[in-house]
Amino acid sequence: MTTSPAPVDAAVIAGLAALPVANVGDAMDRLGVVDSGIHAMWAGAALAGPAFTVEVAGGDNAGIHAAIAAIPAGAILVVNGHGVTDRALIGELIAERLRKVGCAGIVIDGAMRDIGDLEELRFPAFARASSPAGPYKHGPFRLGVPIALGGVVVQPGDIIIGDRDGLAVVPASDAAEVLIRAEQKNRDETDTRRRILES
């Protein structure tokens with residue numbers, strides 16, 4: 001497991017969470033925006049928080065079970081499932097366990113199931129697909145390491161922002177500066193919209 005970076009201030013995370021992901025992506029020169037194939041699994045799902053990273057073998061969720069005991073409260077479980085979509089890596093029961101330990105949401109480059117239950121739980125969930133087929137549980141896996149997520153590198157502790165448009169990964173070391181730029185971008189767009197309406 002790699003050494004965790006200094007945590008990002010909660011006020012910075014809250015500020016990023018209050019903005020559209022599109023503004024955050026623009027503030028990073030449109031880098032750090034996750035492949036659009038990974039999307040919210042139910043309407044209205046949104047998340048923001050530091051990444052707790054897991055790499056698993058495609059179709060195998062042994063690493064997710066291990067993460068339940070290790071993930072800090074308020075973190076987002078971010079799983080590199082290598083884009084495998086024929087077996088769901090989580091469903092309702094794992095979501096309930098994650099929620100119980102304070103996990104703030106899950107992002108999987110892979111599949112999940114029990115989508116209706118996840119929506120009923122209001123558990124923020126983003127994935128590449130849904131599948132009714134269950135996973136294997138043999139491993140291997142790695143926790144707390146840099147991973148790939150939809151074409152973006154995610155370091156442990158990076159801030160994951162998600163809304164109906166998709167996901168962005170904000171490097172922890174840049175989060176405060178990205179927030180300043182994203183807020184300015186949001187103000188500029190608000191002013192432009194007002195001028196259009198007034199013209």
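Some conventions to begin with. The model is predicted, so local features need pLDDT of at least 70 and side-chain atom pairs count only at pLDDT 80 or more, while totals for chains, interfaces and linings use all residues. Residues are numbered from 1 along each chain as its sequence is written, and side-chain values use heavy atoms, with hydrogens and water left out.

I will start with salt bridges. The structure holds 10 of them, where a salt bridge is a side-chain nitrogen of Lys or Arg within 4 Å of a carboxyl oxygen of Asp or Glu.

Take R142 and E55. Their side chains form a salt bridge, at 2.6 Å from N to O. R142 sits in strand β6, residues 141–143, and E55 in strand β2, residues 47–56, so this pair ties together parts that are 87 residues apart in sequence. Strands here are DSSP runs of E, at least two residues, and helices are runs of H or I, at least four, both numbered from the N terminus.

How accessible are the two partners? R142 is partly exposed, at a relative accessible area of 44%, whereas E55 is buried, at 18%. The classes are buried for under 20% relative accessible area, exposed for over 50%, and partly exposed in between, with a 1.4 Å probe and protein chains only. The areas themselves come from the Shrake-Rupley method, and for residues only the protein chains shown count as cover.

What else does the side chain of E55 contact? There is a polar contact of 3.0 Å between the side chains of E55 and H82. The E55 to R142 pair, at 2.6 Å, is also listed as a polar contact. By polar contact I mean a pair of N or O atoms within 3.5 Å; within protein, one must be able to donate a hydrogen and the other to accept it, and residues adjacent in sequence count only if both atoms are side-chain atoms.

Next, helix α6, residues 175–198. K185 and E189 meet in a salt bridge of 3.9 Å, N to O. They are 4 residues apart in this helix, which means a separation of about one helical turn. K185 is partly exposed at 27%, and E189 is partly exposed at 30%. The pair belongs to a network of salt bridges that links D26, R30, K185 and E189.

Helix α6 also holds R194 and E198, 4 residues apart, about one turn of the helix. Their salt bridge has its closest N and O atoms 3.3 Å apart. R194 is partly exposed at 39%, while E198 is exposed at 58%.

Last, the surface. Which residues gather in a patch of negative charge? They are D114, D117, E119 and E120. Patches are made of residues with over 30% relative accessible area and no salt bridge; like charges are joined within 9 Å, and nonpolar side chains (Val, Leu, Ile, Met, Phe, Trp, Tyr) within 5 Å. Asp and Glu count as negative and Lys and Arg as positive, with His and the chain ends not counted. The place of a charge is NZ of Lys, CZ of Arg, CG of Asp or CD of Glu.

E120 and W42 are 78 residues apart in sequence but 9.5 Å apart in space, C-alpha to C-alpha.

Conventions: Areas by Shrake-Rupley, 256 points an atom, 1.4 Å probe, with all protein chains shown as cover.
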